[in-house]
Amino acid sequence: MRENTPPTSDESENDRTSRRNLLGAAAVAGSGLLAGCLDGSSSETEEQNTPPQSEDETPQSTDENRVLIVFFSRTENTQAVAEMIREEVGGELFEVLPAEPYPVDYDTLVSQVDEENEAGYTPPLQCLVEDIGAYDTVFFGAPTWDMQLPPPMKTFLREHDLGGKNVVPFNTNGGYGVGSSFQTIEDRCPNADVREGFSTRGGLERDGVYLAIKEDRREEVRAEVTDWLQRIRI
Ligand SMILES: Cc1cc2nc3c(=O)[nH]c(=O)nc-3n(C[C@H](O)[C@H](O)[C@H](O)COP(=O)(O)O)c2cc1C
């Protein structure tokens, strides 16, 4: 298969839907999300939702260290960690969304991701960060997919120059670790200062476990995140 030719798939358009539909929940409303992709190729950065910082204690990143928290998340475990980071260090959240949503059906998704990885295909994104140069520190979070960085996050790294920035990886996974994800980030950000990453167990969709970072587990992970952030001094 030619590089960047979308693998074909049998399912109908109706079978494809967004992560929010998968979970039946509005996920990121009110989370200070930096969004605004109006077409497939460019982005306008705008505050789409009302950020919570006026009402809560969310710290604001200072002018000297502007923080962007980029994440990709299907079942909201990685998103939960992204939100914790924001609560601790401030900054803006940016959710990576493929222009064409991935299939809801898990087995169909796994086959598609396999094909994409085999082909080196990196799907176009709904939007890009318009002014990546404005940020000094970029947290970069994804679930492990196929023991790798999910294809849309590879697209993000190709489309944005993170050179000269602090890049801080984070990950959730189904219990098998980060695989090659963190190494891929290092390899594809040769001019960045890639910091010690954070990884924790999230869900395991294969076994019907979707959002696992909730309730008591959420508090456990919050403590892990706090320790990690103190250790890396961001
Ligand atoms: C397509 C797919 C592939 C996955 N591959 C792996 C894997 O190789 N290793 C692993 O530990 N977990 C794997 N998982 C589980 C996810 O990494 C885990 O559920 C993660 O917490 C999901 O994060 P999210 O809720 O932010 O989407 C996979 C999940 C999906 C949907």
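The model is predicted: local features need pLDDT of at least 70, side-chain atom pairs count only at pLDDT 80 or more, and totals for chains, interfaces and linings use all residues. Residues are numbered from 1 along each chain as its sequence is written, and side-chain values use heavy atoms, with hydrogens and water left out.

**Exercise 1.** Describe the surroundings of the ligand and its polar contacts.

*Solution.* 
Step 1. The shell around the ligand comprises 22 residues, where a residue counts if one of its heavy atoms lies within 4 Å. Ser73, Arg74, Thr75, Thr78 and Gly203 are the closest.
Step 2. Next, consider polar contacts (pairs of N or O atoms within 3.5 Å). Oxygen atoms of the ligand lie 3.1 Å from a backbone N or O atom of Glu76, 2.8 Å from a polar backbone atom of Met147 and 2.8 Å from a side-chain N or O atom of Thr172.
Step 3. Alone, the ligand exposes 650 Å², of which the protein buries 93% (Shrake-Rupley method, 1.4 Å probe).

**Exercise 2.** Locate the salt bridge between Arg231 and Glu196.

*Solution.* 
Step 1. A salt bridge is a side-chain nitrogen of Lys or Arg within 4 Å of a carboxyl oxygen of Asp or Glu. The structure holds 11 of them.
Step 2. For Arg231 and Glu196, the N to O distance is 2.5 Å.
Step 3. The partners are 35 residues apart and link distant parts of the chain.

Terms used:
Polar contact = N/O pair within 3.5 Å; in protein donor to acceptor, adjacent residues only side chain to side chain. Helix = DSSP H or I, 4+ residues; strand = E, 2+ residues; numbered from the N terminus.
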